[in-house]
Amino acid sequence: GGQCFSTNKKSSLVGFRDALFQGLAPDGGLYLPENIPILWDKLKYKDLSYPELAFEILHPYVDGEIPKLSLADICQNAFSFIVHVNKIKKDHYILELFHGPTLAFKDFAARFMARSMEYFLDNNSKELTVLVATSGDTGSAVASGFHNVDGIRVVILYPKGRVTPIQERQLTSLGDNITALEIDGSFDDCQLIVKMAFQDKDLNESIHLSSANSINIARLLPQSVYYFWAHKQISRNEPIIVSVPSGNFGNLTGGLLAKKMGLPIEKFIASTNKNDVVPEYLDSGKFQPRPSVRTLSNAMDVGDPSNLSRIQKLHNYDMKNIRNNIMGIAYTDDETIDSISKIFSENQIILDPHTAVGYAGLLDYKKEFNSMNPGVVLSTAHPAKFIESVEPAIGEKISIPKRLQHFIGREMQKIEMSNRMSDVKEFLLTA
Ligand SMILES: *Cc1c(COP(=O)(O)O)cnc(C)c1O
């Protein structure tokens with residue numbers, strides 16, 4: 001089966017199961033697969049449904065740990081929604097990754113992870129507590145993905161007053177095995193508490209803790225699959241150009257893995273908002289993490305993207321290599337709004353602010369390099385999730401899909417808490 005190594009190189013190799021439950025390697029590094037098989041040649045002409053394609057791509061990484069039939073079930077269950085490729089005009093495509101239950105691309109990873117964990121836990125296992133800090137989308141995808149999964153309780157930490165009203169409803173209204181803690185602090189405080197929980201000896205002796213944050217390899221692997229899907233749907237021979245609206249760079253790193261698996265990709269465009277440490281790094285060669293600033297594309301407000309060490313490792317730490325493969329471009333909020341308006345008036349397509357950043361990146365790349373190859377923008381969220389900024393940009397009302405509407409009137413169940421680790425710890429030990 002597939003073994004994973006840590007980017008810090010000090011921990012030993014582990015299988016998929018251990019990497020899944022550990023999240024971060026003991027040496028503080030991130031896991032990556034030791035062997036990345038070339039799969040494209042074999043998959044290119046096969047007519048497969050999305051779950052079948054996911055099975056073919058994920059199987060080598062879990063071989064020997066999850067039997068084929070169980071993996072096929074996991075894929076059928078996890079990827080049970082459509083993944084549409086929308087052709088906007090010649091050589092411009094939008095890969096719609098927002099048709100899952102929470103209308104953001106994080107559903108792919110969260111649903112695969114929940115079902116993989118469920119597979120490994122048996123009736124004798126101690127209950128698993130999955131902790132997750134969220135600024136919005138991750139928490140709702142994790143809550144929905146793990147809802148009613150046996151043997152797992154999920155505890156979500158979110159910053160008071162910093163998530164949108166719909167996001168808060170998505171986090172707090174499921175109940176059952178999902179508990180939402182409204183932390184009187186920032187997202188950084190939430191993330192710090194989660195980190196401290198993992199280092200807390202008593203806590204780890206008393207309860208079985210795991211995390212669902214974006215560093216988990218089980219979140220990365222399923223994010224390779226839709227790059228293959230897009231290429232197959234476009235069904236042309238030339239390498240594709242992909243623009244990825246990025247924050248923590250998990251989505252883009254999924255694409256890098258796909259390319260290593262043989263998928264023909266001419267270029268990755270790392271499209272960001274003003275949190276532009278990666279475009280800056282590509283430009284200057286210096287990586288200077290800093291506190292994030294708030295923008296309209298808030299799921300990309302990340303000042304210290306954790307997947308950079310994976311990106312560097314996947315290019316053998318060679319800056320020239322990285323620059324050949326990835327181009328970075330950053331956009332202001334004003335440019336994001338312009339991008340939404342322009343695409344709406346030219347193509348009657350409504351994009352959310354994250355996707356709009358990605359679309360701007362594709363247009364600028366095509367202009368600069370005059371490339372005729374098919375360009376794909378990863379559309380990471382449904383515009384209705386960001387109605388506050390999208391409606392004024394297009395000057396029209398947008399309709400809210402049933403799946404979102406259904407959250408609007410629901411009762412919230414949340415526990416208010418300070419930003420002190422000791423309070424969260426007491427809750428985890430006694431609840
Ligand atoms: C999380 C998120 C992103 C950023 O993805 P990364 O993998 O963190 O780069 C972009 N758009 C939306 C809507 C998201 O929820």
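Visitor: Which residues lie nearest the centre of the second largest pocket?
Guide: Lys342, Ala360, Leu363, Asp364 and Lys367 lie nearest its centre, among the 13 residues that line the second largest pocket. On a 1 Å grid over the protein atoms alone, a pocket is an open set of points where a 1.4 Å probe fits, with protein on both sides within 12 Å along at least five of seven lines, and lining residues have an atom within 4 Å of a point.
Visitor: Before I go on, where do these numbers come from?
Guide: This is a predicted model, in which local features need pLDDT of at least 70 and side-chain atom pairs count only at pLDDT 80 or more, while totals for chains, interfaces and linings use all residues. Residues are numbered from 1 along each chain as its sequence is written, and side-chain values use heavy atoms, with hydrogens and water left out.
Visitor: Back to the pocket, which elements give two or more residues to its lining?
Guide: Those elements are α16 (333–347) and α17 (353–369), and α17 supplies the largest share, 6 residues. Helices (H or I, at least four residues) and strands (E, at least two) are DSSP runs, numbered from the N terminus.
Visitor: New topic: is strand β8 mostly covered or mostly open?
Guide: Strand β8, residues 178–183, is mostly covered, since 5 of its 6 residues are buried, where buried means under 20% relative accessible area, exposed over 50%, and partly exposed in between (1.4 Å probe, protein chains only).
Visitor: What does β8 pair with?
Guide: β8 pairs in the parallel sense with strand β7 (residues 152–159) over 6 bridges, and also in the parallel sense with strand β14 (residues 414–417) over 4 bridges; two strands pair if DSSP finds at least two bridges between them. Ala180 in β8 stands opposite Ile156, and its bridge partner in β14 is Lys414.
Visitor: And which sheet has antiparallel pairing?
Guide: An open sheet of 3 strands, in the order β2-β1-β3, has antiparallel pairing. β2 (14–15) and β3 (31–33) stand at its edges, each with a single partner strand, so one side of each has no neighbour in the sheet. Strand β1 (residues 3–6) is joined to β2 by 2 bridges, and Cys4 has Val14 as its bridge partner in β2.
Visitor: Last one, where is Ser284 found?
Guide: Ser284 is found in helix α13, residues 277–284, and is partly exposed, with a relative accessible area of 41%.
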